[in-house]
Number of protein chains: 2
Amino acid sequence: MPPTTSIATAPSIEFWFDFGSPYSYLSCHRIEAAAATAGVRVVWRPFLLGPVFQALGWQGSPFTQQAEKLRYMWQDMARQSRKYALPWRQPSVFPRRALLPLRVALLGAGQPWCGSFCRRIMDYNFVEDREIDNDAAVADALRAADLDPAPILAAARGEANKERLRAQTESARQRGIFGAPMFFVGTDMYWGNDRLDDALAAAAAARP
Amino acid sequence: MPPTTSIATAPSIEFWFDFGSPYSYLSCHRIEAAAATAGVRVVWRPFLLGPVFQALGWQGSPFTQQAEKLRYMWQDMARQSRKYALPWRQPSVFPRRALLPLRVALLGAGQPWCGSFCRRIMDYNFVEDREIDNDAAVADALRAADLDPAPILAAARGEANKERLRAQTESARQRGIFGAPMFFVGTDMYWGNDRLDDALAAAAAARP
């Protein structure tokens with residue numbers, strides 16, 4: 001039996017992601033169950049990957065800059081989704097803009113509905129091939145989590161929340177993030193869905 | 001008990017690598033044991049990664065072009081080496097030139113000593129922080145595999161073998177390779193040490 005750990009004292013993992021990132025789709029679906037098994041708390045850290053790429057002097061995602069890598073990534077994502085028993089459809093638009101849902105995810109970080117909302121938005125992008133940066137998609141995802149969309153959309157669009165997302169994105173840059181998903185266990189950085197299990201093991205081992 | 005399979009009819013995996021590639025170091029150490037467990041034959045495919053990057057229009061390795069990614073990679077390699085119980089020292093020169101040892105590895109592909117030779121060269125680069133593109137290092141690695149270096153070095157430098165390595169590198173480019181290690185199971189491409197297990201599982205499942 002795993003040790004009983006209260007939420008406050010459980011070791012934690014930070015999950016930095018953007019809804020436009022394919023490998024974040026995999027982690028978004030996997031992380032809550034895997035973290036629960038490991039006795040680790042998930043700290044959701046939505047951020048804007050585009051400005052981070054720009055700050056690094058990149059023209060955009062390495063996938064869109066390098067055709068061979070992009071072609072491979074689609075093949076790999078189809079295989080990886082099968083491996084994790086997740087549905088998958090290659091989106092017709094890549095990378096999709098996700099400003100509004102990221103603002104909502106930021107509001108939801110720390111709320112019990114965050115994971116459910118994020119997985120739904122990810123599925124719109126990577127299973128239903130649906131645009132996600134609009135009121136209708138975000139409202140649908142909120143309603144699916146049994147929430148009233150109107151007040152959340154209003155708060156998401158408030159200046160304070162907009163500024164928080166800008167600050168979180170700047171924090172991503174300052175911490176050396178260059179892609180997504182990125183996991184942090186303390187100051188140790190782990191890149192990519194392939195490192196989720198290692199990061200969780202490190203977090204569990206760091207239990208005080 | 002696994003089915004008895006002769007070498008000729010065993011399913012196979014192609015292992016494309018360059019001795020300058022850190023993640024190829026991990027795969028080089030892991031692949032023979034993992035493939036034997038899976039009942040899969042390893043086809044060693046040494047090639048020159050530099051000309052492939054050039055042909056793609058890249059200035060060099062993504063690691064040397066992107067400082068954040070390079071810094072992360074060194075941290076990740078240290079952790080991954082611990083995970084696989086392999087020794088590791090961050091090389092003081094990166095990426096190391098490896099023309100001569102790649103020519104010898106090409107001669108050795110299909111020979112029983114290939115794996116032993118390749119692991120030794122990888123260790124010079126990534127454990128001993130030693131230059132590898134010279135006669136002394138290659139001769140040491142051949143002697144460690146109980147071979148007489150002189151005739152092998154002479155054959156490696158022969159025009160026919162030089163041309164074979166150029167052709168193998170061109171073949172890498174034509175098959176869409178953009179990094180190392182790269183694995184092929186039939187025409188399916190798997191990128192990175194993180195995909196070795198998936199590739200072996202696919203090869204084993206494709207058993208006729």
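# Exercises on a two-chain model

In chain B, the buried residues of helix H7 pack against helix H5 (99-108), helix H6 (114-126) and helix H8 (149-156). The model is a predicted one, in which local features need pLDDT of at least 70 and side-chain atom pairs count only at pLDDT 80 or more, while totals for chains, interfaces and linings use all residues. Residues are numbered from 1 along each chain as its sequence is written, chains are lettered from A and ligands numbered from 1 in the order in which they are written, and side-chain values use heavy atoms, with hydrogens and water left out.

## Exercise 1: Helix H7 of chain B

Describe which residues of helix H7 of chain B are buried, and what is found at the N-terminal end of H7(B).

Step 1. Helix H7 of chain B covers residues 135-144, where a helix is a DSSP run (H or I) of at least four residues and a strand one (E) of at least two, numbered from the N terminus.

Step 2. The buried residues in H7(B) are B:Ala137, B:Val138, B:Ala139, B:Ala141 and B:Leu142; buried means under 20% relative accessible area, exposed over 50%, and partly exposed in between, for a 1.4 Å probe and protein chains only.

Step 3. At the N-terminal end, H7(B) is capped by B:Asn134, which has a side-chain oxygen 3.2 Å from the backbone nitrogen of B:Ala136. After H7(B) comes B:Asp146, with a positive phi near 65 degrees.

## Exercise 2: Helix H5 of chain A

Work out how many residues of helix H5 of chain A are buried, and which elements cover them.

Step 1. Helix H5 of chain A spans residues 99-108 and is mostly covered, since 8 of its 10 residues are buried. These residues are A:Leu100, A:Pro101, A:Leu102, A:Arg103, A:Val104, A:Ala105, A:Leu106 and A:Gly108.

Step 2. The cover of the buried residues of H5(A) includes strands E1 and E2 (41-46) of chain A, together with helices H6 (114-126), H7 (135-144), H8 (149-156) and H9 (159-174) of chain A.

Step 3. H5(A) is followed by A:Gly110, which has a positive phi near 95 degrees.

## Exercise 3: The surroundings of A:Trp16

Decide whether A:Trp16 is buried or exposed, and name residues with which A:Trp16 is in contact.

Step 1. A:Trp16 belongs to strand E1 of chain A, which runs over residues 12-17, and with a relative accessible area of 1% A:Trp16 is buried.

Step 2. Once neighbours within four places in sequence are left aside, the residues in contact with A:Trp16 include A:Arg45, A:Phe47, A:Gln168, A:Arg175, A:Pro181 and A:Phe184, contact meaning heavy atoms within 4.5 Å. A:Met182, which is 166 residues from A:Trp16 in sequence, is 5.1 Å from A:Trp16 in space, C-alpha to C-alpha.

Step 3. One of the contact residues, A:Arg175, lies over the face of A:Phe184, at 4.0 Å from the ring centre.

## Exercise 4: Aromatic pairs

Classify the pair of rings formed by B:Phe63 and B:Phe94, and say where in chain B the two residues lie.

Step 1. Over all chains, the structure holds 40 aromatic pairs; rings of Phe, Tyr and Trp (its six-membered ring) pair if their centres lie within 6.5 Å, and planes under 30 degrees apart count as stacked, over 60 as edge-to-face and the rest as tilted.

Step 2. The ring centres of B:Phe63 and B:Phe94 are 6.5 Å apart and the planes are at 55 degrees, so the pair is tilted. B:Phe63 lies in helix H3 (residues 62-65) of chain B and B:Phe94 in the loop between helix H4 (67-83) and H5 of chain B, so the pair ties together parts that are 31 residues apart in sequence.

Step 3. A further pair, B:Trp113 and B:Phe117, is edge-to-face, with 6.0 Å centre to centre and 90 degrees between the planes, and both of these residues, B:Trp113 and B:Phe117, are buried.

Step 4. In chain A, one aromatic cluster is formed by A:Phe15, A:Phe17, A:Phe19, A:Trp44, A:Trp113, A:Phe117 and A:Phe183.

## Exercise 5: The two chains together

Find which rotation superposes chain B on chain A, and which residue of chain B comes closest to the rotation axis.

Step 1. Chain B is superposed on chain A by a rotation of 180 degrees with 0.0 Å of shift along its axis, at an RMSD of 0.0 Å. This is the relation of a two-fold axis.

Step 2. Among the residues of chain B, B:Asp194 comes closest to the rotation axis, with its C-alpha at 3.5 Å. The same surface serves both copies, for 100% of the contact residues of chain B recur in chain A.

Terms used
Least-squares fit on C-alpha atoms with pLDDT ≥ 70 in both. Polar contact = N/O pair within 3.5 Å; in protein donor to acceptor, adjacent residues only side chain to side chain. Lys NZ or Arg CZ within 6 Å of the ring centre and 35° of its normal.
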